[in-house]
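Please keep the sequence and the structure in view while reading.

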Amino acid sequence: MHVVMFGDQHVETLGGAQVSMRLQRRFLELAGHTVTIVAPAVHGPRGRSIAADAAYLDLPSIPITFDREYSMSWPGRRTDRWVDAALAARPPVDVVHIQADFWGAFIGHRYAARHGLPVVHTMHNRVDVGVEATAPFPSTVLAVLNAWQRRALDVQSSGDADGSDGWAFLRRFAGRSHAVTAPSTHFARRLEDHGVVPGGRRGILDLHSPGSSVDVVWNGIDDDVLDATLAEAPEGRAPGPARLVWLGRMSPEKRLLPFLEALAESGVRAEVEVIGGGGQLAAAERVVARTRPAASVVFAGRLPYAETLRRIAGADAVVQTSIGFETQGMTIFEAASLGTPSVVSDPDLAAELGAGFWRVGEGTRADASTGALAEALRTAVADIDAGASVPVDPTIRERFRQSSRTAAMVEIYDRIIAG
């Protein structure tokens with residue numbers, strides 16, 4: 001089959017959705033399918049460094065960041081004509097897979113509606129949480145986004161036009177989709193609770209259809225990279241203090257600074273490696289200098305993906321600290337696939353993982369206090385030092401492979417094509 005994916009950003013730029021789309025494309029092609037990815041062209045030196053690829057349709061675009069890493073394409077008739085002409089020269093399209101939240105989603109839904117094609121929409125992000133974390137006056141931003149969406153999607157019915165929050169924004173996309181997927185069970189249930197369920201073209205007027213549900217398809221890990229990392233991993237644990245890894249973007253929603261405060265409060269003697277970059281690096285370094293934790297802390301910066309996985313495989317635990325922000329929490333699944341347990345702050349992620357973690361706080365309620373995190377760190381390090389680390393779920397490794405995730409998505413494609 002020919003799958004056309006639409007994204008907000010070119011898949012060769014930085015970002016979790018882009019990494020996932022590249023991986024999905026590779027494994028769909030390995031399974032014998034054809035993939036075209038439609039996304040904004042990249043500008044400047046970054047754009048020129050991207051090798052020509054027949055699978056990419058680079059939309060006319062304008063840069064939207066100072067480093068010219070990211071771009072946007074305006075959804076409208078001119079872009080519609082460009083997309084139609086570019087795809088007319090390719091094999092007939094069987095399914096449209098939208099993996100975007102903004103202009104890429106508008107453009108993709110417009111294309112599918114014009115040609116009467118079935119749509120899968122993968123919800124990668126909590127739009128309301130993302131806007132609140134990154135934009136001033138988030139309610140105003142969401143109102144503008146909803147108005148833009150109503151115009152771009154040519155909303156006609158009053159029920160379809162209701163709402164100006166993040167959930168209303170996602171509901172309109174879902175109502176125009178024949179299947180909606182989410183990368184975790186907890187996010188899927190949250191989408192369903194807010195009426196973000198598939199309706200297909202006939203379902204737009206009834207966005208809360210009781211028979212509709214969201215399919216759960218995890219974002220996966222490259223089979224070859226996983227196998228190579230496992231092959232290189234040491235047979236047993238090297239001697240020395242507990243080795244902990246924190247990795248991610250250094251921004252407030254990831255809660256790096258509370259982790260470093262809790263690390264000092266815990267008093268644990270451990271080797272801690274912080275992998276990643278972002279705007280809070282200098283603040284993180286100041287926290288370490290001020291609190292002088294008993295643990296050693298090394299800021300490793302951004303590392304290549306394969307090297308990051310090697311560091312995870314060599315660690316005793318990965319520390320996950322964001323709460324209510326992640327739709328899947330890839331790092332703890334990567335860790336579990338490599339046999340490394342995690343310290344988990346988000347109870348939704350803990351429930352998804354199932355086993356192989358030390359929970360922050362009691363019960364199923366999130367505890368954002370540094371005291372709770374410090375206590376979890378003390379417990380984890382004590383267990384590691386005693387040779388009694390928690391075992392991970394051995395089934396996650398196979399369930400997390402991209403080959404299995406692609407097979408699950410192809411089943412969804414087949415289902416909606418069959419009608």
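1. Phe137 lies in the loop that links helix α5 and helix α6. Helices here are DSSP runs of H or I with at least four residues, strands are runs of E with at least two, and both are numbered from the N terminus. Phe137 has a phi near 50°, a positive value in a residue other than glycine. With a relative accessible area of 66%, Phe137 is exposed. Accessibility is judged with a 1.4 Å probe on protein chains only: buried means under 20% relative accessible area, exposed means over 50%, and partly exposed is in between.

2. The model is predicted: local features need pLDDT of at least 70, side-chain atom pairs count only at pLDDT 80 or more, and totals for chains, interfaces and linings use all residues. Residues are numbered from 1 along each chain as its sequence is written, and side-chain values use heavy atoms, with hydrogens and water left out.

3. Axes are lines fitted to C-alpha atoms, for helices over the stretch in contact, and angles run from 0 to 180 degrees between N-to-C directions. The contact (heavy atoms within 4.5 Å) involves Val127, Asp128, Val131 and Glu132 of α5, together with Pro138, Val141, Leu142 and Leu145 of α6. These contact residues comprise 6 nonpolar, no polar and 2 charged. In this scheme Ala, Val, Leu, Ile, Met, Phe, Trp, Tyr, Cys and Pro are nonpolar, Asp, Glu, Lys and Arg are charged, and the others, Gly among them, are polar.

4. Helix α6 (residues 138-152) also packs with helix α4 (residues 103-115), at an angle of about 20° and with axes 10 Å apart. That angle makes α4 roughly parallel to α6. On the α4 side the contact is made by Trp103, Phe106 and Arg110, and on the α6 side by Trp148, Gln149 and Ala152. This contact divides into 4 nonpolar residues, 1 polar and 1 charged.

5. Two strands pair if DSSP finds at least two bridges between them. Strand β2 (residues 34-40) is joined to β3 by 4 bridges, and Pro40 stands opposite Leu59 in β3.

6. Strand β6 (residues 95-99) pairs with β7 in the parallel sense over 3 bridges, and His97 has Val120 as its bridge partner in β7.

7. A further open sheet has 6 strands in the order β12-β11-β10-β13-β14-β15, again with parallel pairing. Strands β12 (296-301) and β15 (357-359) stand at the edges with a single partner each, so one side of each is left without a neighbour in the sheet. Neighbouring strands of this sheet are turned by 25° against each other on average, direction ignored. Strand β11 (residues 270-275) is joined to β12 by 5 bridges, and Val272 stands opposite Val297 in β12. Helix α16 (residues 370-385) packs on the sheet, touching β10 (242-247), β11, β13 (317-320), β14 (342-344) and β15.

8. Helix α14 (residues 330-337) has 6 of its 8 residues buried, so α14 is largely enclosed by the rest of the structure. The elements covering these buried residues include α10 (223-232), α13 (305-314), β13, β14, α15 (347-353) and α17 (396-399). Just after α14, Gly339 takes a positive phi of about 85°.

9. Arg255 has a positive phi of about 65° although it is not a glycine. Arg255 is found in the loop between β10 and α11 (256-266), and at 12% relative accessibility it counts as buried.

Definitions and conventions: Parallel < 35°, antiparallel > 145°, perpendicular 65-115°, else oblique.
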